Amino acid sequence: KWIVGTFTACILIYLGIRHISHVADAVMWLKDLLNPLLIGLILALFLNVPLGVIERHLFPKHPTSRKTKMRRPLAILLSFILVIGVFVGVAFLVIPELIDAVSIVISSLTNGLDQLVAFESTADYSKIPFGEQLSQIDIDFLELKDNLNEWLNQLGTTIMDTAASAFGSVVATAVDFAIGLVFSIYILANKEKLKSQITRIVRVWIPACFAERGIHVAAVCEKNFKLFVAGQTTEAIILGSLCAIGMLILRIPYAPMIGALVGVTALIPYVGAWIATLVGAFLILTVNPFKALVFIIFLLTLQQIEGNAIYPKVVGAKISLPAISALSAITIGGNLAGPIGMLLGVPAAAATYALLKEATDKRETHLKTQEKEQMGNSHKQNIS
């Protein structure tokens, strides 16, 4: 049986490598087929963290049978309202202001080019310092304005064409998300029963050594993911609050909105704060360029304090993962699965790191035990 199994495995590996393109197509087809279920599973993973907190604080005193039955559905509803409400609220706060900022920048550019065209046609270079050198610079500002308008028109047309062509995929994604939402509700409502059933199936159909190891790996992954989400959420709330308070003290515009944006983007470790810095600086630049510079210096300083004092205490104490490993996990996860990959990369790397550390400690203990036994045997032989 061992020879037949090994021979079959080798043949399958050979065929898989030889027809790797067909294997990749089959994997992508399976991924598209299971996409709604994957979305539901990811939603359930994230929502399970606030669900546990809310459920523990619902009806803690004088529980009745009716309150017990209502606890889980009400906790699921509140979790969805909390998580989706935060992201939708920040989007409604930031996106209109960002569109207005882009409009202001475009209007300022066109007005500036108009003023430069008027200045070039009426300017007396003989009365201006370095006038002779300036008169030799030949820049057609009117052509620059026409090129800018043409580029903006082309950009608008491209966006409309892309939106029209992507309408079908957007509808399909919305349908997948709706199905995944229903699937996540079912998972959260029956998570204990599903966990028990999956554990039972694994222990019955998989050899004992592999089954127990797989269950242990799943438990470590679940623990690290919960700790990461809880720690990262706490850290994001602290960072967003400190950012908003500091901006109010420094009288920087858009303080509440940018504070909320910093808090939400801080859910993505290391990278999210830079995204908030760029967007916030761009918004403030349209109102007061000097305040934009002050904001960049302030937020960079706050990020250093957060990275060296807050993050290690809040998140680092929960998941023991070196900074270089976390950054690598974010990069690889982002390239593989976009923003979701960036969010899942760090807890996945933390779980891998914990399992590798555990296996290394066991292996090291085993090698030391063998070494002691060998030394004891050699000592006995010397005595005899």
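**Figure 1. The loop between helices H9 and H10 in the predicted model.** Arg251 is placed in the loop that joins helix H9 (208-250) to helix H10 (255-265). This view, like those that follow, is taken from a predicted model. Although Arg251 is not a glycine, its phi is positive, at about 60°. With 71% relative accessibility, Arg251 counts as exposed. Tyr254 is found in the loop between H9 and H10 as well, and it too has a positive phi of about 60° without being a glycine. The relative accessible area of Tyr254 is 25%, so this residue is partly exposed.

Figure 2. Helix H10 spans residues 255-265. Nine of its eleven residues are buried, and H10 is therefore largely enclosed by the rest of the structure. The buried residues of H10 are Ala255, Met257, Ile258, Gly259, Leu261, Val262, Gly263, Val264 and Thr265. For the protein chain as a whole, 26% of the 384 residues count as buried.

**Figure 3. Thr277 in helix H11.** Thr277 is placed in helix H11, which covers residues 272-285. Its relative accessible area is 5%, which means that Thr277 is buried, the limit being under 20%. When residues up to four places away in sequence are not counted, Thr277 touches Phe295, Leu299 and Gln303.

**Figure 4. A nonpolar patch on the surface.** Trp29, Leu30, Leu33, Leu34, Leu37 and Leu38 form this patch, and together they have about 570 Å² of accessible area. The elements contributing two or more residues to the patch are helix H2 (20-33) and helix H3 (35-56). The most is given by H2, with three residues. Leu33, one of the patch residues, lies in helix H2. For the protein chain, the accessible surface comes to about 25,800 Å², and 70% of that surface belongs to carbon and sulfur atoms.

Figure 5. Helix H13 comprises residues 323-383. Lys357 and Asp361 both lie in this helix, four residues apart, or about one turn. They form a salt bridge in which the closest N and O atoms are 3.5 Å apart. Lys357 is partly exposed, with a relative accessible area of 48%, and Asp361 is also partly exposed, at 34%. A salt bridge also joins the side chains of Glu358 and Lys362, with an N to O distance of 4.0 Å. Because Glu358 and Lys362 are four residues apart in helix H13, about one helical turn separates them. Glu358 counts as partly exposed at 28% relative accessibility, whereas Lys362 counts as exposed at 57%.

**Figure 6. Gly333 and Leu343.** Gly333 lies in helix H13 and counts as buried, with 9% relative accessibility. Gly333 and Leu343 are ten residues apart in sequence, and their C-alpha atoms are 7.7 Å apart in space.

Figure 7. Arg203 forms a salt bridge with Glu212, and the closest N and O atoms of the pair are 3.1 Å apart. Arg203 counts as partly exposed, at 46% relative accessibility. Glu212 is likewise partly exposed, with a relative accessible area of 40%. Elsewhere, a network of salt bridges links Glu55, Arg72 and Glu192. A search of the whole structure finds six salt bridges.

Figure 8. Cys221 is partly exposed, having a relative accessible area of 34%. Cys243, by contrast, counts as buried, at 0% relative accessibility. Zero disulfides are found in a search of the whole structure.

**Figure 9. The protein chain that holds these sites.** The secondary structure of the chain comes to 13 helices and zero strands. From the N terminus on, the elements run α-α-α-α-α-α-α-α-α-α-α-α-α. Among the contacts with a separation of 6 or more, 73% are made by residues 24 or more positions apart.

Terms used:
Residues are numbered from 1 along each chain as its sequence is written. This is a predicted model: local features need pLDDT of at least 70, side-chain atom pairs count only at pLDDT 80 or more; totals for chains, interfaces and linings use all residues. Side-chain values use heavy atoms; hydrogens and water are left out. A disulfide is a pair of cysteine sulfur atoms within 2.5 Å. Buried means under 20% relative accessible area, exposed over 50%, partly exposed in between (1.4 Å probe, protein chains only). Patches are made of residues with over 30% relative accessible area and no salt bridge: like charges are joined within 9 Å, nonpolar side chains (Val, Leu, Ile, Met, Phe, Trp, Tyr) within 5 Å. Accessible areas come from the Shrake-Rupley method with a 1.4 Å probe; for residues, only the protein chains shown count as cover. Contact means heavy atoms within 4.5 Å.
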